[in-house]
Amino acid sequence: MKLSSVFSRTGAPALSQPAATTTHSLGADIRALRRTRGVTLAQMAERLGVSIGWLSQVERDKSRPDAPAIEAIAGMLNVPTSVFIDTAPKSSEAGRVVRATTRRSIGSRVLGLTEELLSPDLTDDFEMVHSVFAPGAAITVPVTRATQEVAYLVSGKLDVTIAGETYKLGPGDSFRIRGEPYTWSNPYSSQCIAVWVIAPPVY
């Protein structure tokens, strides 16, 4: 979906006041994800069908895109729109503390996998993610990402295959992936909980 479809009749992008649930660092998160993907401001603006100036304003938090525009941006960056939603009330903790009840859901395209962002935002050189793997959940097609990742199993068990080598992991175990193809599965009767550190941020 091109953002030109949500332009006003004057040709200006549709903008709205920040919703109560929109993170104050929306622009910074968009910029971080764009840079992670190696996309320039001009390239992203072209793909979205908007001006470079408008997109620059969004990334600098000078303008706030409305819901359809955010949806288009999320689609272009291949992330769920929930990445850009901040459920935490604004307070002195903002940017420093993430309460268990106010984590941002980062969604998942894998049935049985629930992921939440532990980092306050996506502006660091890395992100921390809380993952819950339901019994029977699995990815069978290898995934390869231009990242370095380390995961720690808090509870449950998980089978992880990295570059063709399979490891059966349990509570207290950890593993690292460096841009290698990998799959995972939870063939066990209990859910598995893991904490991931991923650099650079990809969600």
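How many aromatic pairs does the structure hold? The structure holds two, where rings of Phe, Tyr and Trp (its six-membered ring) count as paired if their centres lie within 6.5 Å, and where planes under 30 degrees apart are called stacked, over 60 edge-to-face and the rest tilted. The model is predicted, so that local features need pLDDT of at least 70 and side-chain atom pairs count only at pLDDT 80 or more, while totals for chains, interfaces and linings use all residues. Residues are numbered from 1 along each chain as its sequence is written, and side-chain values use heavy atoms, with hydrogens and water left out.

Strands (E, at least two residues) and helices (H or I, at least four) are taken as DSSP runs and numbered from the N terminus. Phe133 is buried, at a relative accessible area of 1%, and Trp184 is also buried, at 7%; buried denotes under 20% relative accessible area, exposed over 50% and partly exposed the range in between (1.4 Å probe, protein chains only).

The pair of Phe175 and Trp196 is likewise edge-to-face, because the ring planes stand at 90°, with the centres 5.4 Å apart. Phe175 lies in strand 8 (residues 174-178) and Trp196 in strand 10 (residues 192-199), so the contact ties together parts that are 21 residues apart in sequence. Phe175 is buried at 10% relative accessibility, as is Trp196 at 6%.

Six strands form an open sheet in the order 1-2-3-10-5-8, with antiparallel pairing; two strands are treated as paired if DSSP finds at least two bridges between them. Strand 1 (104-105) and strand 8 stand at the edges with a single partner strand each, so one side of each has no neighbour in the sheet. Within this order, strand 2 (residues 113-117) is joined to strand 3 by five bridges and runs antiparallel to it. Leu113 has Phe133 as its bridge partner in strand 3.

Strand 9 pairs in the antiparallel sense with strand 4 (residues 138-143) over three bridges and with strand 6 (residues 158-162) over four bridges. Trp184 in strand 9 stands opposite Ile139 and also opposite Val160.
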